[in-house]
Amino acid sequence: MSDVYIGGIDMLAFGKYPERSVESLGGEAALGALDDAGLSIRDVQALYAGSLMQASANPGQRILKEIGQTGIPVVNCANACATGATAFREGWTAVKAGLYDAVLAVGVEKLAGAGMLGGGGSKGISSEGLLGSDSMPCVFAEAGMEHARQYGTTFEQFAMISVKNHHHSTMNPKARYRMETPLEEVMNAEMISYPNTKLMCSVNVDGAAAAVILSEKKVKELGLSSRAVKVRASVLMTDPYTPRDQVMPDVNTCTRNAASAAWEMAGVGPTDLDLVELHDCFATAEVLHYENLGLCADGDAPKLIDDRDTWLGGRIPVNVSGGLLSKGHPIGATGIANLYEVSTHLRGDAGERQVEGARLGLTHVIGLGTCCGIHVLEAPSS
Amino acid sequence: MSDDAAAAGPLPIVPYLKLPEGGDPYLEGHRCAACGAYFLGQRDVCGACGARGRMEAVELSRNGELHAYSITHRSFPGIEVPFVSAIVDLDGGGTIKTNLIGIDPDPEKISMGMKVEVVFQIAPRKDREGNEYMTFAVQPANRGD
């Protein structure tokens, strides 16, 4: 089977676009990715569109009506916070299978001002505040407290994740927020669900990102070898049964299963990575995924934080884009935006926040319900 | 006949809260006879091992241990805060999520691993038709009430 490459990739700066439609945002990202690859929409054989809130309303077809209604197959998908990664992986699968040589994956979401997410419709009365909280900040706080119970992780250590990611975002012109948030400011921000303060929760924003996915044959034909990023692994996993998962979504097992499948597919391990963009929907979550992705041994995440190993310049930089905490989290776009970030470093184009000499990077997203998407990317050959 | 609803008493907040006529409320789990996995709520197929027709209804223990928690200070509109959202492993099997009451919502006061017990109480809110609901919470064990 052919190797599969990202031939072009782009994202819009995350933020607020009250005057813009979903298809307009998605279309702009798609055109950006096509320009990056030097292709036209007429070269694209299929489109995979991810949008959690819009998946049932044909976002892919609406995007094509904006940028070129060529009549190609379109798949629209939703898969919680793994929506963008799922759309990308559907495109990867089709190219890997030899069905197409050039497809487009677009992730888009309008989420600015959406308020706190979580909880669902229920019959009778709402159980919120009676049977605990189903809000996302609480669900991920409980997962973090499980780690605290096992390993003594402190509120301050969780808060340091937010300090780091906000610092990284000051170097990313496409981040929603670009401001330093000192530790005291993070810890003294409004407490949402202990230990997650407001600055330890991801930001609801509008955003779009897109990638042109190419076969090896197409990359050579187009002379893109010096720019094309190889997809060494593309993995999607859901949650196997674990005893508490009916009331406490198990983001750990799902991520660990996806990671081991990714190592097997890529023929590499966590120590081979130069950078990671992982799903820091809440500061507590990033801590768990250090261990889930094998960036350190189980129980060593607090030490990783104290040693600043995951800061830019550290042993294994994590979320140098600013992450979901500061760059923002437009759900459907998130999984392609983190591919954009890693690809940008692998091409040496990340400017001030460049991870020097980056050759191999990993992206990770996880959506509750539960699904995990992981991609391992390799730098262009020359 | 007009007061049938009232005569029937409160409704359960979730289907796995059982309110037997003339008996004490209890939480019902379903246990797979093939693999031993526990579930809240009725089902015919085991989500853990896929066995069919092996699920057995079991009364869950009222005693357990606090596995993890969060203190929710901001919830959805209209919900009274703060409250402690708790994950509780019940003795003998089954895990529930509910409010931890009878303790200050303060991380200094709450210890993971502490023994708790399930208590049943009338919910402070009604549905649109005015029906009353029975809910449950956990509180530190051995309080003597």
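This is a predicted model: local features need pLDDT of at least 70, side-chain atom pairs count only at pLDDT 80 or more; totals for chains, interfaces and linings use all residues.
View 1. The domain assignment puts domain 1 of chain B at 15-60 and domain 2 at 62-145. Where they touch, nine residues of domain 1 of chain B are in contact with eight residues of domain 2 of chain B. On the domain 1 side, strand S3 (26-32) and strand S4 (38-40) of chain B are the elements that give two or more residues. S3(B) gives the most, with three residues. Sorted by class, that side of domain 1 of chain B has seven nonpolar residues, one polar and one charged.

**View 2. Chain B as a whole.** Zooming out a bit, chain B has one helix and ten strands. Along the principal axes, the C-alpha atoms of chain B fill a box of roughly 50 × 45 × 35 Å. Of the 145 residues in chain B, 32% are buried. Take the contacts in chain B between residues at least 6 apart in sequence: 46% of them join residues at least 24 apart.

**View 3. Where chain B meets chain A.** Here 38 residues from chain B and 29 residues from chain A make up the contact. On the chain B side, S4, strand S6 (63-72), strand S7 (83-90), strand S8 (95-100) and strand S10 (133-140) each supply at least two residues. S6(B) has the largest share of that side, with six residues. By class, the side of chain B that touches chain A splits into 21 nonpolar, eleven polar and six charged residues.

**View 4. A strand pair across the two chains.** Stay with S6(B) for a moment: two bridges join it to strand S5 (residues 191-194) of chain A, and the two strands run antiparallel. Which residue of S6(B) is the bridge partner of Ser193(A)? Look for Thr72(B).

**View 5. Helix H4 of chain A.** Now for a helix, H4 (residues 136-151) of chain A. With 16 residues at 1.5 Å a residue, H4(A) should span 22 Å, and its end C-alpha atoms are 23 Å apart, so the two values agree. Is H4(A) largely enclosed or open? Of its 16 residues, 13 are buried, so H4(A) is largely enclosed by the rest of the structure. Just after H4(A) comes Gly152(A), which takes a positive phi of about 75 degrees.

How values were computed: Residues are numbered from 1 along each chain as its sequence is written. Chains are lettered from A and ligands numbered from 1 in the order in which they are written. Helices (H or I, at least four residues) and strands (E, at least two) are DSSP runs, numbered from the N terminus. A residue is buried if 20 or more other C-beta atoms lie within 10 Å of its own, exposed if 12 or fewer, and partly exposed in between; C-beta atoms are placed from the backbone. Two residues are in contact if their C-beta atoms, placed from the backbone, lie within 7 Å. Domain bounds come from an automatic or database domain assignment. Ala, Val, Leu, Ile, Met, Phe, Trp, Tyr, Cys and Pro count as nonpolar, Asp, Glu, Lys and Arg as charged, and the others, Gly among them, as polar. The expected span of a helix is 1.5 Å times one less than its number of residues. Two strands pair if DSSP finds at least two bridges between them.
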